[in-house]
Amino acid sequence: MNGSNHWETLEKIGAYAASELSPEEAREVEQTILEDPEALRMAESYLRMIALMGVIGEESPEVPQAVIDYALRQAALSAFFRQAESFFAGVGRAYLDAFVYYLHLRLPGAAGQGI
Amino acid sequence: MTVEDQNLAAKAADGDVQAFAQLVHGYSGLVYRVAVRILNTREAQDASQEVWIRVWRNIRKFRGESAFSTWLYKITVNTCLSVLRKEQAREAREVSDELTYLPVNISIEDDPETAALAAERRGELLHALEYVRAEHRAALVLRHMEGLSYAEVAQILEVPEGTAKGWVSRGRASLLVALSRQPGEGSR
């Protein structure tokens with residue numbers, strides 16, 4: 001087998017170990033495994049590896065508190081600045097409206113309709 | 001997606017920090033464990049923080065068309081892949097497609113349950129994952145550690161399902177080879 005065939009065989013046995021082959025493909029791989037002890041060992045290795053990945057997947061590493069604290073701090077800061085921006089924009093608009101009204105540039109109640 | 005998640009996401013999009021905090025507390029485990037497995041413990045903390053900043057900034061774009069967890073997986077994986085792409089030096093260490101030999105003697109332990117308990121084995125596997133190409137690694141983590149379907153993996157990685165299957169398959173093979181090349185593996 002050349003490198004490309006090796007890789008193909010390796011992937012095929014991996015798919016077999018993960019139970020992802022069709023019945024026909026699986027029978028083909030089983031035949032290879034029966035005939036080739038190297039392929040059998042490879043399949044066993046895959047099975048152990050996949051089982052180990054599954055077990056690792058079930059574990060939940062503890063989340064560092066710093067991650068949660070940082071995320072919440074950044075969100076709070078961002079929300080504060082958004083509100084402050086909105087507040088000052090509102091104040092600015094109110095002052096502008098008052099100024100326009102004071103200079104009689106617009107009649108009361110005629111919002112958005114300058115002279 | 002649960003109605004509760006959708007409500008929390010909508011509130012967070014309106015700037016409700018408390019709602020965002022509930023999402024962070026509910027899903028920080030998912031983000032961190034995926035980051036640890038795609039990256040490593042050292043980089044996972046920074047990446048997780050970056051993920052939550054991206055979530056806060058972009059939560060208005062979340063329309064509830066997919067589950068919140070799927071959307072979060074997508075941001076997490078993309079953030080981790082960005083970190084990996086910055087590490088150009090690692091490229092040279094990737095497992096080549098042109099193998100000179102096939103691994104046949106990877107003794108993780110005869111009994112998978114025993115293996116599961118061995119921290120050393122877990123460490124070896126997570127270390128070997130670093131030698132798997134970034135996209136393949138992400139696909140492998142989502143499929144075999146997070147237990148997602150190929151349709152979900154494809155949605156998260158934004159690739160066709162066939163591509164996702166190919167990435168998982170190549171990732172599995174690369175990981176097996178990487179494990180076989182770890183010091184001491186061959187002699188067991």
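This text describes two interfaces in a predicted model: one between the two domains of chain B, the other between chain B and chain A.

Chain B is divided by the domain assignment into domain 1, residues 1-92, and domain 2, residues 109-188. Where these two domains of chain B meet, each contributes 16 residues to the contact. About 1,400 Å² is buried between domain 1 and domain 2 of chain B, and carbon and sulfur atoms account for 61% of that area. On the domain 1 side, 37% of the area buried against domain 2 is supplied by B:Arg37, B:Tyr73 and B:Lys74, a share that exceeds that of any other three residues.

Charged pairing also occurs between the two domains of chain B, with a count of four salt bridges. A salt bridge joins the side chains of B:Arg33 and B:Glu146, with an N to O distance of 2.7 Å. The rule for polar contacts finds three residue pairs across this interface between domain 1 and domain 2 of chain B. Two elements of chain B, helix H2 (17-38) and helix H4 (68-85), each give two or more residues to the side of domain 1 that touches domain 2. H4(B) provides the largest share of that side, eight residues. Sorted by class, the domain 1 side of this contact in chain B holds seven nonpolar, five charged and four polar residues.

The second interface lies between the chains. Here 52 residues of chain B contact 43 residues of chain A. The area buried between chain B and chain A is about 4,300 Å², with 70% given by carbon and sulfur atoms.

Between chain B and chain A the count is four salt bridges. In a salt bridge between A:Glu11 and B:Arg170, the closest N and O atoms are 3.3 Å apart. Ten residue pairs are found in polar contact across the interface of chain B and chain A. The elements of chain B that give two or more residues to the side touching chain A are H2, helix H3 (41-58), helix H5 (112-117), helix H6 (119-129), helix H7 (134-145) and helix H9 (161-180). Of these, H2(B) gives the most, with ten residues. The side of chain B that touches chain A consists of 28 nonpolar, twelve polar and twelve charged residues.

How values were computed: Residues are numbered from 1 along each chain as its sequence is written. Chains are lettered from A and ligands numbered from 1 in the order in which they are written. This is a predicted model: local features need pLDDT of at least 70, side-chain atom pairs count only at pLDDT 80 or more; totals for chains, interfaces and linings use all residues. Side-chain values use heavy atoms; hydrogens and water are left out. Domain bounds come from an automatic or database domain assignment. Contact means heavy atoms within 4.5 Å. Buried area is the accessible area (1.4 Å probe) that two parts lose on being put together, summed over both. A polar contact is a pair of N or O atoms within 3.5 Å; within protein, one must be able to donate a hydrogen and the other to accept it, and residues adjacent in sequence count only if both atoms are side-chain atoms. Helices (H or I, at least four residues) and strands (E, at least two) are DSSP runs, numbered from the N terminus. Ala, Val, Leu, Ile, Met, Phe, Trp, Tyr, Cys and Pro count as nonpolar, Asp, Glu, Lys and Arg as charged, and the others, Gly among them, as polar.
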